[in-house]
Amino acid sequence: MSTLSNAILLADDDRTSNALVQKALTGAGLRVVELFSPGLLVKTMDQHVPPVVVLDPHAYAGKGWQLLIELRRDARYIPVPVICLMDGSDATERALAFEQGAQQCAAKPVDPAEMVARVRGVIAHRQQMARLFNSESRAMRRMPATRGAVRVPLMIDDVLYFKAERKTVYAYTEEGTYQVDATLSELEGAFGQQEFLRVHRAYLVHLPKVSGIVRGAEGTRVELGSVSVPVSRRQVRAVHEALHL
């Protein structure tokens with residue numbers, strides 16, 4: 001365990017790329033543990049929650065994609081930022097990585113300075129998120145947001161739900177829509193599932209704002225005031241349990 005303390009986990013079986021990442025990050029004073037099999041990532045994270053995971057979705061004969069999904073389904077690992085390594089020219093795969101919960105994507109072959117900057121950036125952002133949500137009383141919590149071209153403090157208790165659209169996350173309130181500087185995974189980890197629940201890949205709902213659940217021809221939806229959002233089939237049970245229905 002001591003050898004894993006604060007170590008960044010590098011989940012890739014590309015030894016050439018790993019050597020570049022390892023050299024860049026250790027040269028910047030960061031600790032790195034390389035994991036050459038998919039089972040090692042799960043086993044290691046069961047013992048140690050790292051500050052960052054660097055993952056190639058194509059690693060382990062393509063099993064890296066499933067690992068990314070598993071990391072975003074396990075509540076213990078939701079707050080952990082993931083940087084995906086991939087072909088920088090493939091916009092479709094980058095979009096898929098973001099949809100599956102990656103915080104950032106970095107191109108292969110790895111640029112050392114870029115990799116250090118990305119890792120340091122996501123660690124700093126995670127620390128900032130933790131301070132943001134732990135520093136104020138529940139009734140007065142705010143987060144920075146943008147409405148139009150204006151930066152404003154958004155009251156968290158006013159949020160009905162968050163929605164991810166590609167790489168951007170929006171907060172929806174009764175008064176309007178705001179853009180926020182966080183991913184759904186970061187928000188989910190910061191708030192906890194007792195307050196905000198991921199009901200769909202693209203939606204995080206504020207449970208105290210839910211007024212009901214409806215089922216129709218297009219599936220299940222949760223109602224939040226005058227609006228409703230879709231619930232994925234695998235999350236229907238979790239929604240009922242969270243609302244004690």
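Mentor: Start with one term. A crossing of two helices is right-handed if the near helix is turned clockwise from the far one by less than a right angle, and left-handed if it is turned anticlockwise. Keep in mind that this is a predicted model.

Trainee: Which crossing do α2 and α4 make?

Mentor: α2 passes α4 in a right-handed crossing. In general, two packed helices are described by the angle between their axes and the distance between the axes. Here α2 and α4 pack at about 15 degrees, and their axes are 10 Å apart.

Trainee: Are α2 and α4 roughly parallel or roughly antiparallel?

Mentor: Angles under 35 degrees count as roughly parallel. α2 and α4 therefore run roughly parallel to each other.

Trainee: Which residues meet between α2 and α4?

Mentor: From α2 come P38, L41, V42 and M45. From α4 come L67, E70 and L71. By class, this contact has six nonpolar residues, one charged and no polar.

Trainee: How many residues are in the largest nonpolar core?

Mentor: A nonpolar core joins buried nonpolar residues through their side-chain atoms. The largest one here has 24 residues. L41, M45, V53 and C84 have the most contacts inside it. Several elements give two or more residues to this core, including β1 (8–11), α2 (38–47), β3 (53–55) and β4 (82–87). α4 gives the most, with four residues.

Trainee: What does L41 touch?

Mentor: Leave out residues up to four places away in sequence, and L41 touches L9, A11, L35, L67 and L71. There is also a second, separate core of 18 residues. L10, V52, V54 and I83 are among its members.

Trainee: Where is D12, and is D12 buried or exposed?

Mentor: D12 sits in the loop between β1 and α1 (15–27). Its relative accessible area is 0%, so D12 is buried. Beyond its sequence neighbours up to four places away, D12 touches S17, N18, L35, F36, D56, A59, Y60, L85 and K108.

Trainee: Two of those come up again, I think. What is the peptide bond from K108 to P109?

Mentor: First the general idea: most peptide bonds are trans, and most residues other than glycine have a negative phi. The bond from K108 to P109 is cis, with omega near -5 degrees. P109 lies in the loop between β5 (104–108) and α6 (112–134).

Trainee: What phi does Y60 have?

Mentor: Y60 is not a glycine, yet its phi is positive, about 55 degrees. Y60 lies in helix α3. A61 lies in helix α3 too. A61 is not a glycine either, and its phi is positive at about 60 degrees.

Trainee: Which is buried and which is exposed, Y60 or A61?

Mentor: The cut-offs are under 20% relative accessible area for buried and over 50% for exposed. Y60 has 5%, so Y60 counts as buried. A61 has 79%, so A61 is exposed.

Trainee: Now L197. Where does L197 lie?

Mentor: L197 lies in strand β11 (residues 196–200). With a relative accessible area of 5%, L197 is buried. Apart from residues up to four places away in sequence, L197 touches Y203, L204, V205, L207, Q235, A238, V239 and A242.

Trainee: How many residues apart in sequence are L197 and Y161?

Mentor: They are 36 residues apart in sequence. In space, C-alpha to C-alpha, L197 and Y161 are 9.3 Å apart.

Key: Residues numbered from 1 in each chain as written. Predicted model: local features only at pLDDT ≥ 70, side-chain atom pairs only at ≥ 80, totals over all residues. Heavy atoms only, no water. Core = buried A, V, L, I, M, F, W, Y, C linked by side-chain atoms within 4.5 Å. Buried < 20%, exposed > 50% of the residue type's maximum accessible area, 1.4 Å probe, protein only. Contact = heavy atoms within 4.5 Å. Axes fitted to C-alpha atoms, helices over the stretch in contact; angles between N-to-C directions. Parallel < 35°, antiparallel > 145°, perpendicular 65-115°, else oblique. Nonpolar A, V, L, I, M, F, W, Y, C, P; charged D, E, K, R; others polar.
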